[in-house]
Amino acid sequence: LIKIQSNLKKDYISKIAENYLLLYEVDNFKEEMMNFYQNKLGDPREEYSTAWDDINKNAKEKAVSWFNYKKLKEFFGYIETDQEEARKRFSYWESYISEIKKVNYIKKYLQLFLIFEKFVVVEFGDLGNAVYFYSKEFFDEELARYMQESNAKNNNNLKYTYEAREKRYKFVEKVDHRNKWELKADNMIKEFKSGR
C-alpha cells in the first residue's frame, strides 16, 4: 500500500489516509503506514501541517492520538531508574491521551511536554521531581522554545521562570510525585479545563 501511494499526489494520499484512519482502530494502525503519512502530509499535531485540514476531523484526531501515544510510550521507556514508577506515570497520562493536543520530549534531559488545549504539563524522568502545570499562554511565551532539541535547557529552566515585572521566579502549579499525586493532578487538570 505504501509503494502504491508513493507516486500519488498529496490530495490522493490524504483521501487514502482518511479512509485508513477511519477504517481501523488506533491500536491497529501500522507504524510504517503512519510514518509514511507523517512524511507525506506533515505532523497532524502541528498547525502548519495544512494537508490535514481537509481530512475528516475524527480521522485526524485518531492520527493525533496515535502519534501522541507513541511519543508518550517512548519517553517513559527511557526511564531506567524506577521502571515501576515510570509504568504508573505512563498509565496515568495515557488516560488523558485523547485530550492531549501534542506530546513531545527532550531525551537528553528526560523532559516530557504534554500540550493540552488550555494548559501544558511538564514531567521529568529523573526521580524526585514534580509535575509542573502552566497556563498555555504563559508556557507559549516563556517556555515553548525549550521543546526543541536545539534549544533544550536543564530542568531548572522549566521549573522556575523569571518574571521581570514582579522580580521573582514563578511556576503556575506543581504536584509532587507522592501519596496520591494522581488525585491532585486530576484536580489541577479540572481547574485548568474550567478556565482557572
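A residue counts as partly exposed when its relative accessible area lies between the limits for buried, under 20%, and exposed, over 50%. The exercises below apply this scale and related criteria to a predicted model.

**Exercise 1. Classify glutamate 84 and lysine 88 by accessibility, and describe how their side chains interact.**

Solution. 
Step 1. Glutamate 84 has a relative accessible area of 49%, so this residue is partly exposed.
Step 2. Lysine 88, at 43%, is likewise partly exposed.
Step 3. The two side chains form a salt bridge, with an N to O distance of 3.9 Å. The cut-off for such a pair is 4 Å.
Step 4. Both residues belong to helix α5 (residues 83-94), and because they are four residues apart, about one helical turn separates them.

**Exercise 2. Which residue forms a salt bridge with glutamate 46, and which parts of the chain does the pair tie together?**

Solution. 
Step 1. Side chains of opposite charge can pair when their charged atoms come close.
Step 2. The partner of glutamate 46 is lysine 102, and the closest N and O atoms are 2.2 Å apart.
Step 3. Glutamate 46 is located in the loop between α3 (31-41) and α4 (57-77), while lysine 102 is in strand β1 (residues 102-106); the pair therefore ties together parts that are 56 residues apart in sequence.
Step 4. With a relative accessible area of 12%, lysine 102 is buried.

**Exercise 3. Locate glutamate 99 and lysine 193, and determine whether each is buried, partly exposed or exposed.**

Solution. 
Step 1. The side chains of glutamate 99 and lysine 193 meet in a salt bridge of 2.9 Å, N to O.
Step 2. This pair links distant parts of the chain, since glutamate 99 is in the loop between α5 and β1 and lysine 193 is in helix α8 (residues 181-193), 94 residues apart.
Step 3. Glutamate 99 has a relative accessible area of 30% and is partly exposed.
Step 4. Lysine 193 has a relative accessible area of 42% and is also partly exposed.

**Exercise 4. How many salt bridges does a search of the whole structure find, and which residues are linked in a network?**

Solution. 
Step 1. The search of the whole structure gives 10 salt bridges.
Step 2. A network of salt bridges links Glu85, Arg89 and Glu123.

**Exercise 5. Describe the packing of α3 against α4.**

Solution. 
Step 1. Two packed helices are described by the angle between their axes and the distance between the axes.
Step 2. The axes of α3 and α4 come within 12 Å and cross at roughly 110°.
Step 3. The angle makes α3 roughly perpendicular to α4, as the range for that class is 65 to 115 degrees.
Step 4. The crossing of these helices, α3 and α4, is left-handed.
Step 5. On the α3 side the contact involves Glu31, Met34, Asn35 and Gln38, which meet Ala63, Trp66, Phe67 and Lys70 in α4.

**Exercise 6. Describe the packing of α5 against α8.**

Solution. 
Step 1. The axes of α5 and α8 are 12 Å apart, and the helices pack at an angle of about 30°.
Step 2. It follows that α5 and α8 are roughly parallel to each other, the limit for this class being under 35 degrees.
Step 3. The crossing of α5 and α8 is right-handed.
Step 4. From α5, the residues Glu85, Arg89, Tyr92 and Trp93 meet Trp181, Glu182, Ala185, Asp186 and Ile189 in α8.
Step 5. The residues of the contact of α5 with α8 include five nonpolar and four charged, with no polar residue.
Step 6. Glu85 and Arg89, listed in this contact, are also linked with Glu123 in the network of salt bridges.

Key
Residues are numbered from 1 along each chain as its sequence is written. This is a predicted model: local features need pLDDT of at least 70, side-chain atom pairs count only at pLDDT 80 or more; totals for chains, interfaces and linings use all residues. Side-chain values use heavy atoms; hydrogens and water are left out. Helices (H or I, at least four residues) and strands (E, at least two) are DSSP runs, numbered from the N terminus. Buried means under 20% relative accessible area, exposed over 50%, partly exposed in between (1.4 Å probe, protein chains only). Axes are lines fitted to C-alpha atoms, for helices over the stretch in contact, and angles run from 0 to 180 degrees between N-to-C directions. Angles under 35 degrees count as roughly parallel, over 145 as roughly antiparallel, 65 to 115 as roughly perpendicular and the rest as oblique. A crossing is left-handed if the near helix is turned anticlockwise from the far one by less than a right angle, and right-handed if clockwise. Contact means heavy atoms within 4.5 Å. Ala, Val, Leu, Ile, Met, Phe, Trp, Tyr, Cys and Pro count as nonpolar, Asp, Glu, Lys and Arg as charged, and the others, Gly among them, as polar.
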